[in-house]
Amino acid sequence: MADSIFGKIIRREIPADIIYEDELCLAFRDVNPRAPVHVLVVPKKTLLQLSAATDEDQSLLGHMLLAADKIAGQLGVGDAYRLVVNNGAGAGQTVFHLHLHLLAGRPFTWPPG
Ligand code: AMP
């Protein structure tokens, strides 16, 4: 399966500001933050995008959501955060390794741009 820059971060081949790790996922600060808190939560398993997930990935996806909430708690943003998944190039995905954007620390508008 195609590798990505996030695969290199997971394997510690390139540096990143890693703030969380468990057996299934890793979280690190986005290099181009769009909010005071901007963290990416990525599965260690290579999964190109959410629409490539299958029933087999159900518990992994739930695990990532719970990890994101745990990280938000650790960062002190409480329950004021936004999670974003850009699925596919047409929706703005640029790195093809599934990731949750955890954004916090400023007001957010709705609908998102
Ligand atoms: P997306 O556009 O949803 O695919 O998000 C990809 C995100 O990865 C963008 O917000 C980028 O700023 C971020 N990004 C790209 N390369 C790196 C890197 N080496 N370390 C941390 N974040 C990165």
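In strand S5, the side chains of Leu100, Leu102 and Ala104 point one way while those of His101 and Leu103 point the other way, and all of these residues are buried. The strand as a whole is mostly covered, with 5 of its 5 residues classed as buried. These assignments, like those that follow, refer to a predicted model.

S5 belongs to an open sheet of 5 strands, arranged in the order S1-S2-S3-S5-S4 with antiparallel pairing. The edges of the sheet are formed by S1 (18–21) and S4 (81–84); each has a single partner strand, so one side of each is left without a neighbour in the sheet. From one strand to the next, the twist averages 20°. In general, the strands of a sheet pair through backbone hydrogen bonds, in either a parallel or an antiparallel arrangement.

The pairings of S5 can be described residue by residue. With S4, strand S5 (residues 100–104) pairs in the antiparallel sense over 4 bridges. Within this pairing, tyrosine 81 stands opposite alanine 104, and arginine 82 stands opposite leucine 103. S3 and S5 also run antiparallel and are joined by 5 bridges; here histidine 101 of S5 is the bridge partner of leucine 40.

Helix H2 (residues 58–74) lies across S1, S2 (25–29), S3 (37–43), S4 and S5, and runs at about 150° to S3.

Tyrosine 20 is located in the edge strand S1. With a relative accessibility of 10%, tyrosine 20 counts as buried, because the limit for that class is under 20%. Apart from its neighbours within four places in sequence, tyrosine 20 is in contact with Cys25, Leu26, Ala27, Ala67, Lys70, Ile71 and Gln74. The side chain of tyrosine 20 also makes a polar contact, at 2.6 Å, with the side chain of aspartate 22. Glycine 78 is 58 residues from tyrosine 20 along the chain, and the C-alpha atoms of the two are separated by 17 Å.

A polar atom in the side chain of aspartate 30 lies 2.5 Å from an oxygen atom of the ligand. For asparagine 86, an N or O atom of the side chain is 2.8 Å from a ligand oxygen atom. The backbone is represented by valine 31, a polar backbone atom of which is 3.2 Å from a nitrogen atom of the ligand. Taken alone, the ligand exposes 510 Å², and the protein buries 83% of that area.

Two features of backbone geometry were also noted. Arginine 12, although not a glycine, has a positive phi of about 60°. This residue is placed in the loop between helix H1 (5–10) and S1. Arginine 12 counts as partly exposed because its relative accessibility is 46%, a value between the limits of 20% for buried and 50% for exposed residues. The other feature is a cis peptide bond between tryptophan 110 and proline 111, with omega of about 0°; proline 111 is situated in the segment after S5.

Methods:
Residues are numbered from 1 along each chain as its sequence is written. This is a predicted model: local features need pLDDT of at least 70, side-chain atom pairs count only at pLDDT 80 or more; totals for chains, interfaces and linings use all residues. Side-chain values use heavy atoms; hydrogens and water are left out. Two strands pair if DSSP finds at least two bridges between them. Axes are lines fitted to C-alpha atoms, for helices over the stretch in contact, and angles run from 0 to 180 degrees between N-to-C directions. Contact means heavy atoms within 4.5 Å. A polar contact is a pair of N or O atoms within 3.5 Å; within protein, one must be able to donate a hydrogen and the other to accept it, and residues adjacent in sequence count only if both atoms are side-chain atoms. Accessible areas come from the Shrake-Rupley method with a 1.4 Å probe; for residues, only the protein chains shown count as cover. Buried means under 20% relative accessible area, exposed over 50%, partly exposed in between (1.4 Å probe, protein chains only).
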